[in-house]
Amino acid sequence: MTARPSLAALGLALVLGAAFAAAPACAERLIVSVSNHRVTVTPNYSGEELVLFGSIEKDAATPATRTNYDLVVTVAGPRADMVTRRKERKFGIWINTDYRQFLKVPTYLALFSNRPFDAIASPEVERRQQLGLNNVLLTQRVGPDYADVVPNDAFRSAFVRLRSQHGLYREATSAVTFLTPTLFRTGIPLPAEVPIGTYDVEIKLFSDGALVTKTETAFEIVKVGFEQFVANTARQNGLVYGLVTAFMALMTGWMASIVFRKD
Amino acid sequence: MQLYLPIADIPVNVFLILAMGAAVGFVSGMFGIGGGFLMTPLLIFVGIAPAVAVASVASHIAASSFSGAISYWRRRAIDPALALVLLSGGTIGTALGVWTFTLLRSLGQLDLLIALSYVILLTTVGGLMFWEGLRAILRARRGVAVPMRRSGSHGWIHGLPLKMRFKRSKIYLSVIPVVVVGLIIGFIGAVMGIGGGFILIPIMIYLLRVPTSTVIGTSMVLTLVTMVFATMLHAVTNHLVDAVLALILMVGGVTGARFGARAGQKIRGEHLRLLLGLLILAVGMRFAIELVIRPDDLFTIRETGGTG
């Protein structure tokens, strides 16, 4: 996605927001920062936690009475197409039968808030703002159509459950903590299997069940070192990689026959 | 010590993999087999994707069979002509195998195929070996002389045309069954991640009547070339060969094999066959159970295309 349409969309959203949410003027500003904008994954990486700090800046237009803020932080990793398959018993054995394709879904997805999503906003707002794993848009190919399905769909819930088991999808409704009424922090756990790429972080500020403002930041996960070099070579230069591996095998075998010649 | 495997995409304990390599190497040295049929399942059982296990074990077997082939070559226990004819079928079989592998992977049925072929192959071969070993032991107990080789009994295989003289093995045989055997071994080797020695050797002895002096060395040459070829094809088409994993396995494997070979010399042939039969049977049963019982999770996810 280029910057232009997203800016246009943001502009439109702001105009719409101003038109509909006429009552309170959106005067808060969010200032956020992550502890590290570039996480390097080394061969012995076994998970890490990033910290996101932020502060809610009020100005003269902010109603003085407004103090009860809610925050929802959404971290979305690089997107990819995935297939979820279901096993069924056929001829006495368990085999893959049915499957669904998930299109351009985040490989990592984390949703954090300071209290349960249903306490922050109404179900309608939850859905529109994609609060919680049940409300995040996960596009499936359903026949010729592209659509998200109901949260309790077997394939969708299995998909979310399996990703969650690996720590790649997570939701924590008490992860955002307010240090002062306007200063907050949250941890972003990144498991060992974390996919590499750009991670978008979206921070939404709610008050009295309505979205007040939002901001975005990003960080990047890069793998460095020998193992990443190996992975890149395998994908980009399959032939060279195969040749080197085969040569390595022959060398190892040859070395062994020299070392253990006595036997 | 944790190490991240670049292609398998999971962190593993180096010593665990090294120990597995050594254990399988020990067994393979003891029985004079490649050990792929044990290595691939073990890797699958510790959580490495079957596809990656199959592709990586291919290079591991290449290493151990090369080390074996060198020592057999020194002892002139390899029939080059026979090896060449086997290879002509073997390379085609390997290419077909890798092609089938790729096709089934895209259909989501690869894991099933791998498991099913393990069940069928291992229970059959394991059962036969076990039975053979048991009968031999019983016969030896009863003191009946074991007919070593029914020479002169030529089956239909020996009536086929295109006969060729294999000098070092001192046999006169049609090339057709030899090419077909190479083809089959190459095919299952590429699909299942095994060298195929434990099937090839009995076929060569009982069906093709290759003398025992050249059978193991020659079968190792076939294993070596098909596995090098399979490594290349898996690397080029599926990008699934994990070189780091393969290297750890190789180092463990070749070391274990030497100690295994020594241990093997101390056990009698029938007992060895009985043990190997049991081992193969056990691995086959493990796969069968996996297929029949209800899996912990009916759902699986696979990434089909990264879009960044």
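How many bridges join strand β4 (residues 69-76) of chain A to strand β7 (residues 109-113) of chain A, and do they run parallel or antiparallel? The legends below start with that pair. The model shown is predicted.

**View 1. Strands β4 and β7 of chain A pair side by side.**
The two strands run antiparallel, and 5 bridges join them. Start at Ala76(A) in the view. Its bridge partner in β7(A) is Leu109(A). Strands of a sheet pair through backbone hydrogen bonds, either parallel or antiparallel.

**View 2. Six strands of chain A form an open sheet with mixed pairing.**
Read across the sheet, and the order is β2-β14-β13-β4-β7-β10. The pair from View 1, β4 and β7, sits within this order. Two strands are at the edges: β2 (38-41) and β10 (169-172) of chain A. Each of these edge strands pairs on one side only. Neighbouring strands are turned by 15 degrees against each other on average, direction ignored.

The partner of β2(A) is strand β14 (residues 210-223) of chain A. These two strands pair in the parallel sense, over 4 bridges. Look for Arg38(A) again here: it stands opposite Glu220(A) in β14(A).

**View 3. Four strands of chain A form an open, antiparallel sheet.**
The order is β1-β3-β12-β11. Strands β1 (29-34) and β11 (177-180) of chain A stand at the edges. Each has a single partner strand, so one side of each is left without a neighbour in the sheet. Neighbouring strands of this sheet are turned by 25 degrees against each other on average, direction ignored. Next, find the pair β3 and β12. Strand β3 (residues 48-57) and strand β12 (residues 183-190) of chain A pair in the antiparallel sense, over 8 bridges. Ser55(A) stands opposite Leu183(A) in β12(A).

**View 4. Strands β5 and β6 of chain A form a hairpin.**
β5(A) and β6(A) pair in the antiparallel sense over 11 bridges. Lys90(A) has Ile93(A) as its bridge partner in β6(A). There are 2 residues between the strands. At this turn, Phe91(A) takes a positive phi near 50 degrees. 2 bridges join β6(A) to strand β8 (residues 140-142) of chain A, and the two run antiparallel. In that pairing, Gln101(A) stands opposite Arg141(A) of β8(A).

**View 5. Chains A and B meet through residues of both.**
Chain A gives 50 residues to the contact, and chain B gives 51. What does chain A use? Five elements each supply at least two residues: β5 (79-90), β6 (93-106), α4 (154-165), α5 (226-236) and α6 (238-259). Helix α6(A) gives the most, with 15 residues. By class, the side of chain A that touches chain B has 27 nonpolar, 13 polar and 10 charged residues.

**View 6. Helices α3 and α8 of chain B cross.**
Helix α3 covers residues 50-74, and helix α8 covers residues 212-238. Their axes come within 7 Å and cross at roughly 150 degrees. The crossing is left-handed. Residues of α3(B) in the contact include Ala51(B), Ala55(B), Ala58(B), Phe66(B) and Trp73(B). From α8(B), Gly217(B), Met220(B), Leu224(B) and His234(B) are among those taking part. The contact has 16 nonpolar residues, 8 polar residues and no charged residues.

**View 7. Helix α7 of chain B carries buried residues.**
This helix spans residues 197-207. Gly197(B), Phe198(B), Ile199(B), Leu200(B) and Met204(B) are buried in it. After the helix comes Arg209(B), whose phi is positive, near 60 degrees.

Chain A has 6 helices and 14 strands. Chain B comes to 10 helices and 5 strands. Of the 263 residues of chain A, 31% count as buried. For chain B, with 308 residues, the share is 49%. Take the contacts with a separation of 6 or more. In chain A, 66% of them come from residues 24 or more positions apart. In chain B, such residues account for 80%.

Note on methods
Residues are numbered from 1 along each chain as its sequence is written. Chains are lettered from A and ligands numbered from 1 in the order in which they are written. This is a predicted model: local features need pLDDT of at least 70, side-chain atom pairs count only at pLDDT 80 or more; totals for chains, interfaces and linings use all residues. Axes are lines fitted to C-alpha atoms, for helices over the stretch in contact, and angles run from 0 to 180 degrees between N-to-C directions. A crossing is left-handed if the near helix is turned anticlockwise from the far one by less than a right angle, and right-handed if clockwise. Two residues are in contact if their C-beta atoms, placed from the backbone, lie within 7 Å. Ala, Val, Leu, Ile, Met, Phe, Trp, Tyr, Cys and Pro count as nonpolar, Asp, Glu, Lys and Arg as charged, and the others, Gly among them, as polar. A residue is buried if 20 or more other C-beta atoms lie within 10 Å of its own, exposed if 12 or fewer, and partly exposed in between; C-beta atoms are placed from the backbone. Two strands pair if DSSP finds at least two bridges between them.
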